[in-house]
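Hi there,

Here is the structure I promised to pass on to you. Please have a look at it first, and then read my notes below.

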Amino acid sequence: MSNNSASFTIRQLDIASATDLQILSGFCQEWAQSDRFWNTDEVVKSVRESGAILLGLADKSGLIRGIAMYLMAGDVADLLYLYVKLEDRRTGLGEVLLSQSLEALVKRAVQSVVLEVRHTNESALRLYAKVGFARLTIRPRYYRDGDDAVIMEWKAKGE
Ligand SMILES: CC(C)(COP(=O)(O)OP(=O)(O)OC[C@H]1O[C@@H](n2cnc3c(N)ncnc32)[C@H](O)[C@@H]1OP(=O)(O)O)[C@@H](O)C(=O)NCCC(=O)NCCS
């Protein structure tokens, strides 16, 4: 890993802030080009109506280099999405973002995190395994295009 974890901090993005909305929109524009993810309005709706939170990985200059979106439900969180910009990939940022966001969730009393990921998403599957997620099951044809989902779970230490 070339990026040092100590150089980054996790900051919750506030969709009521014009600055944070602009940051989110920058990520959404890239999402739209690189894969099939949500647009800014859908993310904002999810935060407003479903209790999702957006955690950004800020570098020393305050620039947000990656985003994680979690749905909070008591002491369980659902990792809805994790994203590092294309130009920053494979430099360790995804791992720092995931590890530090999990630490931030534990501080909010979260005990376990679940997620679903396409069975073909090798980079994400490897990252999740590296950070300590275990495979629970496969959901066949979970996605609209017929792709299977791998369901994974991470438990806070001591659970
Ligand atoms: C998945 C994602 C967040 C990884 O971010 P990243 O910053 O490139 O990952 P890192 O550099 O921190 O890599 C950490 C580990 O992840 C795995 N990994 C990441 N990219 C990989 C790739 N292209 N191929 C194989 N393994 C990969 C490796 O285990 C790696 O550890 P290693 O470097 O010791 O081999 C990034 O590829 C991304 O944003 N993808 C698009 C969105 C997405 O698919 N999100 C997950 C769906 S929920």
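This is a predicted model: local features need pLDDT of at least 70, side-chain atom pairs count only at pLDDT 80 or more; totals for chains, interfaces and linings use all residues.

Residues are numbered from 1 along each chain as its sequence is written. Helices (H or I, at least four residues) and strands (E, at least two) are DSSP runs, numbered from the N terminus.

β5 and β7 are paired in the antiparallel sense, over 7 bridges; strands count as paired if DSSP finds at least two bridges between them. Another bridge here links Glu-116 to its partner Ile-151 in β7. On its other pairing, β7 meets strand β6 (residues 134-139), also in the antiparallel sense, over 5 bridges, and Ala-149 of β7 has Arg-139 opposite.

By burial I mean a count of other C-beta atoms within 10 Å of the residue's own, with C-beta atoms placed from the backbone: 20 or more is buried, 12 or fewer is exposed, and anything in between is partly exposed. In β5, the covered face holds Val-113, Leu-115 and Val-117, and the uncovered one holds Ser-112, Val-114, Glu-116 and Arg-118.

β5 also pairs with β4, this time in the parallel sense, over 4 bridges. Ala-77 has Val-113 of β5 as its bridge partner. Between these two strands the chain passes through α3, and the β-α-β crossover is right-handed (with the strands pointing away from the viewer, the path from the first strand over the helix to the second runs clockwise).

**The core**

The largest nonpolar core has 34 residues, and Ala-68, Tyr-70 and Leu-97 have the most contacts inside it. Such a core is a set of buried Ala, Val, Leu, Ile, Met, Phe, Trp, Tyr and Cys residues joined through C-beta atoms within 7 Å. Two or more residues each come from α1 (18-34), β2 (52-58), β3 (64-73), β4 (76-84), α3 (93-107), β5 (112-118) and β7 (149-155). The element that gives the most is α3, with 6 residues.

Which residues does Tyr-70 touch? Leaving out residues up to four places away in sequence, they are Ala-52, Ile-53, Leu-55, Ala-77, Asp-78, Leu-79, Leu-80 and Leu-105. Contact here requires C-beta atoms, placed from the backbone, within 7 Å of each other.

**Around the ligand**

There are 19 residues around the ligand, of which Arg-89, Gly-94, Ser-123, Arg-126 and Leu-127 come nearest; a residue belongs here if its C-beta atom, placed from the backbone, lies within 6 Å. β4, α3 and α4 (122-131) each give two or more residues to this shell, and α4 gives the most, with 6. The shell divides into 8 nonpolar, 5 polar and 6 charged residues, where Ala, Val, Leu, Ile, Met, Phe, Trp, Tyr, Cys and Pro count as nonpolar, Asp, Glu, Lys and Arg as charged, and the others, Gly among them, as polar.

Most residues other than glycine have a negative phi. Ala-109, in the loop between α3 and β5, has a positive phi near 75°. Ala-109 is exposed, because 9 other C-beta atoms lie within 10 Å.

Arg-141 also has a positive phi, near 50°, and lies in the loop between β6 and β7. With 10 other C-beta atoms within 10 Å, Arg-141 is exposed. Not counting residues up to four places away in sequence, Arg-141 touches Gly-146 and Asp-148. From Arg-141 to Ala-129, 12 residues apart along the chain, the C-alpha separation is 22 Å.

Finally, Ala-16 sits in the loop between β1 (9-12) and α1. Ala-16 is exposed, with 9 other C-beta atoms within 10 Å. Its C-alpha atom is separated by 9.9 Å from that of Arg-48, 32 residues apart along the chain.

Best wishes

Conventions:
Two residues are in contact if their C-beta atoms, placed from the backbone, lie within 7 Å.
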